[in-house]
Amino acid sequence: MLETLGFLAIAWTDPWLIFLVATGTFTGIYIGAIPGLSVTMATSILISFTFKWDVNEALALICGVFFGGVYGGSRTAILLNIPGAPSAIATAIEGYPLAKRGEAGEAIGLTTVMSVFGGFVGILALALFAPVISEFALMFQSRDYLLLGVIGILLVGTLSGESFAKGAFAGALGVLIGMVGLDPMTAEGRFTFGSIHLLGGIPYVAAMIGFFGVAEALVQLHTLDTPAIKQKIDRIIPKFSDVKKYFWLALRASGIGTIIGALPGTGGDIAALLAYDDAKRSTKNPERPFGTGTREGLVAPEAANNAAVGGAHIPMLTLGIPGDAVTAVIIGALFIHGLKPGPLLLVDTPHLFWFIVGALTLANIFLLIFGLTGIRLFTKIVECPKAVLIPLIIVLSAVGTYAIQNNPVDVYWMLLFGVVGYFMKTYGFQVGPVILGTILGPMMDSNYRRAMIRARQDTGDFLWQFVSNPISLILTVALVIMLLSQTPLWPKLRSVLTMRKDSS
Amino acid sequence: MTNTSAGRRPGELFFVLVMLVFSVGAFWQAYAISGFSGKTTPGVFPMLASGVMVISGLVILVNVARMPAPAADAPSFFADILTLRHIVLIGFVVGYVLVMPSLGFVISSALFLYCAFQFLWRKNPVLMLGLTAVTLAIIYLVFREVFQVVLPQGTLLQGYF
């Protein structure tokens, strides 16, 4: 217990680490808020710059950026009706009408307090449940990890994309990218075409920066000329009576956020929409109809998406399965620092786990401070024209990619992924599953082969494993339900069955 | 670009077709790794992945082909998806990453930033020059001094930048 507290306090007692968390949170708020910059983009670029740092320092910065970024999206949602991040879509629905009525300051104040509240709930859940889940996860077999990987990729692909097929395609493409290079089990080359550049594989950070940085910058080119709208902001500290009034709603939304965040493949954006929907149904007498600026509709999604941050860390740290695109990028960071996120992380490196919990808590406190101050500076920075932002993103992406191995070839890869990613985004493919697939692909490959070897290469035995063990059975059923509900298989099967019934 | 209706976007069919051809090629290459010689060979998972790509690619192709074609008066591929702005900017970026190894980070970035700012913003060239200098100075200080990133030095001007 005392040891745990000591680990928790690492981030709190070192001034340099406190400074890094504060800087991370501060920049995160702006990155999340400036339309065109995203947390995923920032984290991918940051990882390439910080991988030579001490792991604690890198994590302190990334924890701050993650928290600040998820929150920052709400500010532009309220002020400009542009959700800075997908997790702020619901916030825009209620926040912008509030701002138009001249209550922007109060709306920002309320979202800040509720975001921080949600954040604490998520962190608490992480601290309480991760050790339990981690112990439980020690019982997981190779096949269970294979199943978790597939479920995670498919969930990200189907919940956010245009169609199941596009999600599956993107995920499989990612897995394929992850396969390039020497096979870790037999040292045989895969897709190397005799080139030494490909033997080491395609660096996934190059893929991340390409898909989230350059591709996004190219998408942003379409909205180059959209002018910014200015809002008047006055009182920003929310009324205590308001905070008290929405306490239970925020608590419930945080619960939803934590659980959704903890599911592999679902993150803050879905958590926010679900919590918004829940608030809509559970609020009997809103002061105004939903969609026209109700505070309930503002509180719920904001509490939920920040709670999802803590939640998303649970599967990432205990199972090694990232919850969403940002945690997929962070998992990449952990790998780069030589760490193995998974059930053994808590056993082998408990100090790291508790350090993350401590840093997240600290980031949340800084969020409260920065969230309630500096609004004047904020409105200035957000008006930064995209004509300046887009070239900057590209330069940072190029330098970031180069920094990984000082290899210009990586930069060419990054650019290729950027252009392909632009077309994929344009035609309704999600790029999140590609990254998830790239990260999880090698893990799934080795787990598949281990499970197959355990079944003595007998396919029947291999398949039997998926249903003969309670944990595997639950995961298999979850996967089957997902496949049936997301594809046209089930309606087709049903119509065939009813036809048969009718004819008999 | 912002088309969310059921209609097909310009160039969509072609893109999906290219992706499908790529998937088939990837499957063929995956097969070439170890064929069907065993269930735990290095080629099995790549074949599974590319197989999923081929199947889902076919489904997407059928779905896209079934959509109504873009209307005759709808903006074309080059007006809506790959605009002149995109082509020029991508051209700048390609040039940027190609000259970076020889010119080094500072000069190539300065050239790129200036061209891109000028092209996208179209303001007073002196102002753009100033903007380039300021942003580049910030990037250089932050990344060279704070993050201690090794920036490309450039073979042509070795030692100067």
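## Exercises on a two-chain predicted model

Chain B splits into domain 1 (12-75) and domain 2 (84-146), with bounds that come from an automatic or database domain assignment. This is a predicted model, in which local features need pLDDT of at least 70, side-chain atom pairs count only at pLDDT 80 or more, and totals for chains, interfaces and linings use all residues. Residues are numbered from 1 along each chain as its sequence is written, chains are lettered from A in the order in which they are written, and side-chain values use heavy atoms, with hydrogens and water left out.

**Exercise 1.** Find what distance separates the centres of domain 1 and domain 2 of chain B.

**Exercise 2.** Describe the interface of chain B and chain A, starting with how many residues each chain brings to the contact.

*Solution.* Let's begin with the residues: chain B gives 61 and chain A gives 67, where contact means heavy atoms within 4.5 Å.

Next comes area. About 5600 Å² is buried between chain B and chain A, 81% of it on carbon and sulfur atoms; buried area is the accessible area (1.4 Å probe) that two parts lose on being put together, summed over both. On the chain B side, K39(B), T40(B) and F45(B) lose the most area to chain A, together 13% of what that side buries.

Now look at the polar side. There are 12 residue pairs in polar contact across the interface, both residues at pLDDT 80 or more (a pair of N or O atoms within 3.5 Å; within protein, one must be able to donate a hydrogen and the other to accept it, and residues adjacent in sequence count only if both atoms are side-chain atoms). The chains share 1 salt bridge, a side-chain nitrogen of Lys or Arg within 4 Å of a carboxyl oxygen of Asp or Glu. E12(B) and K166(A) form a salt bridge, 3.5 Å from N to O.

**Exercise 3.** Work out which parts of chain A the salt bridge of D183(A) and R449(A) links.

*Solution.* First, the pair: the closest N and O atoms of D183(A) and R449(A) are 2.8 Å apart. Then place each partner: D183(A) sits in the loop between β1 (181-182) and β2 (189-190), and R449(A) in helix α21 (residues 432-454). Helices (H or I, at least four residues) and strands (E, at least two) are DSSP runs, numbered from the N terminus. The two residues are 266 apart, so the pair links distant parts of the chain.
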